[in-house]
Amino acid sequence: MSEFKNISGIACILDIDNIDTDQIIPTEYLKSIKKFGFGEFLFDGWRYHDIANINTPTSSRSLNQDFILNQVPFNESKIIITGKNFGCGSSREHAVWALRDFGIETVIAESFGDIFYNNCFKNGVLPIALNQDKLLMVKDHVSNESKLHISLADKNIVIKNEKIAFEVDSGMLDMIITGQDEVDITLSISDKIKSYESNRLKHKPWLN
Amino acid sequence: MKTLYDKLWDDHVVEDLGSGDHLVYIDRHFLHEVTSPQAFDGISKKNLKPWRLAANIATPDHNVPTARGQNFELESIEDEVSKIQIIELDRNCNKFDIPQFDINSEKQGIVHVVGPENGFTLPGMTIVCGDSHTSTHGAFAALSMGIGTSEVEHVLATQCLRIKKLKNFRINLLGCPRDDVTSKDVILYVIRSIGTDGGTGHAIEFSGDYISSLSMESRMTICNMSIEAGAKVGLIAFDKITESYLSDKVQLDKSEYDKALEYWKSLSSDSNAKFDKEIEIDVSKIKPQVSWGTSPEMTSDYDSCVPELDQNSDKYSTYKKAIEYMGLKEREKLSDLTFNKVFVGSCTNSRIEDLRSVASEVKDKRVSESIEEALIVPGSGQVKLQAEKEGLDKIFIEAGFSWRDPGCSMCLGMNEDKLSPGDRCASTSNRNFEGRQGHMGRTHLVSPMMAARIAIHGGIPHE
């Protein structure tokens, strides 16, 4: 979990709506039982010409040079800018692991799939939702100048002399900045869970 | 005045954590082999055990081969990586003492089919699983949703989730549908109408006289695909049909059952409950639906055409990419397409009612010569057994279908059941995303009835 206050880096545009988590990481790689090592498979179906296979070394695969993430300087992107409903579909957290492992620190979109949005915060990737006008301004800027600067403390995206404000829940943003472990935080109030449970069995004895 | 979602939510809040966050108690946790290993690893590293063992039920479904026969040996799984994942689920269930319907259990199957048919899914419960189609269980007036692996770990460790409350969205489905329109067509029509992000941030409650008339199987199909409309929670109120479905599946003594029933009967939205969003759809106007593109919202009436590209539309680039991927031409008639694969199965449409519907269409007929492979994959061992008791397997085999063992199969092609590049498949599953059923495969989402008709005709039949 990175402890960053700002995000600065190359931004690439994927101008498509409804990019689902199957595109972000195809099912083939869900066979892994690990939590890391998915970066080379990010957008696998678009990045390579050949069929996804978890056992094939990436070095022997045929790259699709037309795909933006295979082109310099976008092969070092830290930011993805896209359309509406990014990360819809499957709940696979592997999609966020793939973005994170590739080096993507933030995704800027018009909207996000609900489950994907939550998964991002658990892995230090910041999803930023912007309205159409603001998104257009960011896209226009990035079309001319591939770098983008985002201030987490001020919750804004810096474009030339202008600052585009974005909204994100402060508690969730804190999780990204501090990398807190939610299990530990919840277990610190385990007495509340126990008291809920004893009450629950009193009122709903049919649940075990 | 509360909505059904409000009631379920209020009943499960352990603690208000401030700024919209809540600690919410989870009654039931389903596990499968794909999204659980990293979560088990997480609790192991913290030296934790599952908070409440009885909450958990596991079964392998995503990876399992579907041509297994009896006494299948895990060792015979050809894909080494798939094999490891199934063995890992076995290992974790043994280590933590979690009940599992393993690959040779006659109750093994797709987790969203197995849960309800064994009485693990009960009205009023909060239910989670590391799978977006957990929305299925909402058909039982249960607050159920898909979660990521970090949340699977959190639920194992704490029996709770840290979440924000969703908004309320009601979709009233009214009227009587045509004979050839099933609940699958209705939910595809809903998705097409509100878009794949129409329900984002909301819990969708499906109501109206159409919903009241549906069997539990059909209701599960509707709630299953609420995620394809962006809503991770789909809900339907408890009623006589829910009660009758549960009557032979719930094992409670009389006094407990009566108490439960009294509570379950309160599980509907109050008459003047406020919804943040509400729409009405007349189902009598819906025709059978067929998806043409690479998102479930790219769906049309079966007797219509591929849309025309409009350069001024904000959908231009998305539609253009989809039409190219699907190997289609603008304005092409859907009924002119030739199919070479058919898949009947998935957590959307693999229950006994779905199989009966296919059987009645294909009885004494033969699968078209254009169809190279037609799979029927029952949702669970129990569905398989029931179908065989009714002789449906013989009807399928005689018609030229391949009758398989339960699993997720070609819905996502994680096992051997995959499309090849360029294949055009009529599929009763839930997602037509690029590559979903296999690299460069082309998926058209349809009902079991339409899948059966396409299998026989090789294409979408004309009226």
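Modeller: Two strands pair if DSSP finds at least two bridges between them, and strands (E, at least two residues) and helices (H or I, at least four) are DSSP runs numbered from the N terminus.

Biologist: Then what is the bridge partner of B:H22 in β7(B)?

Modeller: The partner of B:H22 is B:I163. This is a predicted model, in which local features need pLDDT of at least 70, side-chain atom pairs count only at pLDDT 80 or more, and totals for chains, interfaces and linings use all residues. Residues are numbered from 1 along each chain as its sequence is written, while chains are lettered from A and ligands numbered from 1 in the order in which they are written.

Biologist: How many bridges link β2 and β7 of chain B?

Modeller: Strand β2(B), residues 21–25, pairs with β7(B) over five bridges in the antiparallel sense.

Biologist: Which sheet is that, and which strands are at its edges?

Modeller: The open sheet of chain B has three strands, ordered β1-β2-β7, with antiparallel pairing. Its edge strands, β1 (13–18) and β7 (160–164), each pair on one side only.

Biologist: Changing topic: is α4 of chain A mostly covered or uncovered?

Modeller: Helix α4(A), residues 114–121, is mostly covered, with eight of its eight residues buried (20 or more other C-beta atoms within 10 Å of a residue's own, C-beta atoms being placed from the backbone). Among them are A:F116 and A:Y117.

Biologist: What covers those residues?

Modeller: The cover includes α1, α3, β4 and α6 of chain A, together with β6 and α5 of chain B.

Biologist: And how many residues does each chain give to the contact?

Modeller: Chain A gives 49 residues and chain B gives 59, where contact requires C-beta atoms, placed from the backbone, within 7 Å.

Notes: A residue is buried if 20 or more other C-beta atoms lie within 10 Å of its own, exposed if 12 or fewer, and partly exposed in between; C-beta atoms are placed from the backbone. Two residues are in contact if their C-beta atoms, placed from the backbone, lie within 7 Å.
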